[in-house]
Amino acid sequence: MTDTIIQLEQVVLEREHFRLGPLQLEIPKGYISAIVGPNGSGKSSTFQLLLRQIMPDSGTITLLGERVDDERGELAAKKKIGYLPEEASSQENWMRGKDKADFVRYWYPSWNVNRYNELLRLFEVNDNMKLGKLSKGLRRKLDLAITLAHSPELLLLDEPSSGLDPISWKKMLYVLQQYMEEDNRTIVMATHIMDEVKRLADYIIFMANGRLLGVYEKDELLGNWHAFFLKEQDESELRLRQLPGMERLEAVGGGFLRVISSEARAAEQWLIAEGWSINGQQPLEMDDILEVLMAISR
Amino acid sequence: MWIPIQINEMSAEPLYHQITVQLRALIVSGQLEEGTLLPSIRELAQQLKCSIITIRRVYQDLEVQGLLRTRQGTGTYVARVDEQERSRHRLQSVVTAFEAAVDAALRVQCTSEEMETILREVIAARQSKPTEGREADR
């Protein structure tokens, strides 16, 4: 149905204090996928693996149809990729924004100078300043402009909004939306800002402790996970074990139970059919879902 | 373009359904006139904080129902709705809204009498107030 733009097969990265994988993952083309997970879950390492900045100990990676285990495949794929790393490189501190743009332009034949200038104007950044002298937010915006100016097919954004003020953040959302208006564009972004995920993402990839917890369609995930508040009854716990999609049950005081289901519609119908009265019902926030999934995977 | 669709995040009703019902109502009521260019799928998804998968489904379904028209490369437009269709659709969105209200009432064990009383009170309250804002926009 949907084309795959990134494919990871049994990718493993071993480090002394950290193990990533095995990652088995397919990311669809034409959508925005958000990789969501707490610090140290392996989001940035995954990006570095995709770009061959670090090599996996085993497994294969396919990017835009090219296997990136040789130089040719790597180069072919990279021309079509825009990558914004988590941290700006301090090795570039001596450069002016202009110098960096010139350098990047050299490598990307598709560089669009009008688009670049347009983005600088929108973000209100000046590329005459030395990169080391720019504030974190200004530098982020400059790097974002450079990343977008060669009209890549695939954008890899690692914590794109870090350091941005709320107004710049909104501009970034607008720019990314505009970017996606063209056919066959894909964004993969790592973030832990839930509002960003809600506004942008189509698919959510949950990661924790170097492992993949699951890939979900956003609206389906958020629509399926609800908390129900019920009045405690005799043998409540035993009976509620039958609840469709039952994930967690806890007493919340005042004789009430809070029960979390990952199959909200079926759970609601089941509760009504079983004669429970539902005193409250709430969709779960994304970070609450992540927390439950992390607890289960432990 | 901003489309007046309000998502109720607390509702168990799937997003897809909420958006379809409201967009259909906007079209059949004539609030969105024939030929109006709708926002792109990505734009509406961002406005409503949902995925393009959902919006694409909504547009496709309303297109199948003859309420929307997609022109390759230019976008999605509101189609012509004939009078018969309009009156049929007109009540449908109201029925759906009442169903949701009744569900909410049942959740707190309202009796039929209570519901009817509430309904009469709401109608009376609305009619006693001069309608402002929403009506003036038309």
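The model is predicted, so I took local features only at pLDDT of at least 70 and side-chain atom pairs only at pLDDT 80 or more, while totals for chains, interfaces and linings use all residues. Residues are numbered from 1 along each chain as its sequence is written, with chains lettered from A and ligands numbered from 1 in the order in which they are written.

I then followed β3 (32-36) of chain A, which runs parallel to β8 (186-191) and is joined to it by five bridges; two strands pair if DSSP finds at least two bridges between them. Both belong to an open, mixed sheet of six strands in the order β6-β7-β8-β3-β9-β10, with β6 (81-84) and β10 (211-217) as its edges.

Next I checked A34(A), which, not counting residues up to four places away in sequence, touches M189(A), I204(A) and I205(A), among others; contact means C-beta atoms, placed from the backbone, within 7 Å.

For the chain contact, I found 17 residues from chain B and 22 residues from chain A. On the chain B side, α2 (41-48) and α3 (52-64) are the elements that give two or more residues. I noted seven nonpolar, five polar and five charged residues on that side, counting Ala, Val, Leu, Ile, Met, Phe, Trp, Tyr, Cys and Pro as nonpolar, Asp, Glu, Lys and Arg as charged, and the others, Gly among them, as polar.

Terms used: Contact = placed C-beta atoms within 7 Å. Helix = DSSP H or I, 4+ residues; strand = E, 2+ residues; numbered from the N terminus.
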